[in-house]
Amino acid sequence: MTKRHPLLRFSLVATAAVMLLTGCSDNDDPAAAQSSANGKPEYPVTWRFALEEIEGSVQHLYAQQFREQIEALSGGKIEVDVFPYGSLGTSAQLTELARNGSVNLAFASPGHLADTVPETGLFNLHFLLPEEQEPARRLLEAPAFMSAFEPAYHNAGLQLLGFVPEGWMTWTANSPLRTPSDFQGLRFRTMTSETAAEAFRSYGADPVQTPFSQVYSDLQLGNIDGQSNPVFAIEEMGFHEVQNVMTMARASRFIASVVANEDWFAGLPSQEREWLQETIVQLSEEAWTIQEDLNKERLETILEQGGIRVVRLTEAERSAFREASLPARERFIELTGEKGQALIQQAMSISRD
């Protein structure tokens with residue numbers, strides 16, 4: 001039976017929506033609070049929040065809680081419109097919409113963002129971030145770690161608000177991926193950034209940079225041989241229906257960032273900025289629970305459906321991949337210089353704590 005793919009018809013709708021949003025001038029922006037005669041904002045105002053994932057995803061659940069908390073804190077003065085993936089465009093297009101102010105807030109993942117914010121390529125590297133959840137959380141929330149990224153985001157016209165974990169990246173293919181040699185010649189889908197491709201090129205794979213909305217059909221048609229995503233995304237996009245094996249290597253987590261248009265953020269009234277920052281802080285802990293629960297639930301769904309084998313790598317097998325992954329770190333340092341080297345050292349110092 002052919003799966004009715006959730007993004008099959010998104011292109012035309014997304015294109016029309018992008019044209020509508022980009023056609024708004026700054027003066028027509030409904031998200032900017034209009035000033036009354038006494039100079040105070042007139043409410044309610046609307047914040048537009050664009051997601052890289054479809055309804056029911058980690059990002060969607062996060063955005064729903066974000067909307068609830070913002071609207072509660074503001075007493076209804078701020079309303080949040082959430083745009084799931086498929087309504088506005090590809091991940092790179094969503095970042096551009098945030099950059100030019102057509103949306104106020106967006107998720108931006110390192111899989112594409114590293115092309116314009118090279119430092120975020122750190123999250124595409126394998127076997128680097130802390131494996132245990134608590135050290136990983138400390139790293140992502142550490143002020144010094146966050147501040148190291150902020151200049152690069154500013155250079156791209158974006159305000160970094162926070163990092164959001166979405167779970168371990170799981171590899172799928174039509175055979176187990178137990179050793180780097182299993183990747184030799186494999187047409188493996190990666191996101192568009194150089195560091196995302198280099199991570200799998202280090203194992204001998206042939207990286208193919210395919211838009212998220214096209215991955216299912218390319219797997220089904222044999223245009224690509226495998227891909228990598230968190231379990232929840234594999235299930236909701238049906239990738240497990242057109243692949244035979246899921247390999248859980250625990251090589252990297254999917255870490256997205258929540259960003260805002262830089263000018264919009266700078267122009268927020270102080271009270272609105274406090275509401276925004278308080279909400280981001282409150283959700284930083286809840287995000288870990290959201291992703292953990294959703295990935296567990298979706299794995300159970302996949303196993304109940306059957307038809308795919310789950311392989312968990314041993315520590316010895318992971319060690320072989322860890323060694324093979326080191327050239328990707330060297331490439332990251334080539335792209336980022338001393339800043340990238342410092343970020344690697346920060347991540348490794350937390351891992352050793």
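This briefing describes aromatic ring pairs, and arginines placed over rings, in a predicted model. The count of aromatic pairs comes to 23. One of them joins phenylalanine 149 and phenylalanine 163 in an edge-to-face arrangement, with 5.2 Å from centre to centre and 75 degrees between the planes.

**The pair of phenylalanine 149 and phenylalanine 163**

- Phenylalanine 149 belongs to helix H6 (residues 143-155) and phenylalanine 163 to strand S6 (residues 158-173), so this pair ties together parts that lie 14 residues apart in sequence.
- Phenylalanine 149 counts as buried because its relative accessibility is 0%, and phenylalanine 163, with a relative accessible area of 9%, is buried as well.

**The pair of phenylalanine 183 and tyrosine 203**

- The ring centres of phenylalanine 183 and tyrosine 203 are 5.4 Å apart and their planes stand at 40 degrees, so the pair is classed as tilted.
- Phenylalanine 183 sits in the loop between S6 and strand S7 (187-190), whereas tyrosine 203 sits in the loop between helix H7 (194-201) and strand S8 (206-209), so the pair ties together parts that are 20 residues apart in sequence.
- Phenylalanine 183 is buried at 0% relative accessibility, and tyrosine 203 is buried at 1%.

**A cluster of rings**

- Phe183 and Tyr203 also belong to a cluster, linked by ring pairs, that includes Trp171, Phe188, Phe200 and Phe321.

**Arginines over ring faces**

- Arginine 253 is placed over the face of tryptophan 168, at 4.3 Å from the ring centre.
- Arginine 273 is placed over the face of phenylalanine 265, at 4.8 Å from the ring centre.

Conventions. Residues numbered from 1 in each chain as written. Predicted model: local features only at pLDDT ≥ 70, side-chain atom pairs only at ≥ 80, totals over all residues. Heavy atoms only, no water. Phe/Tyr/Trp six-rings, centres within 6.5 Å; stacked < 30°, edge-to-face > 60°. Helix = DSSP H or I, 4+ residues; strand = E, 2+ residues; numbered from the N terminus. Buried < 20%, exposed > 50% of the residue type's maximum accessible area, 1.4 Å probe, protein only. Lys NZ or Arg CZ within 6 Å of the ring centre and 35° of its normal.
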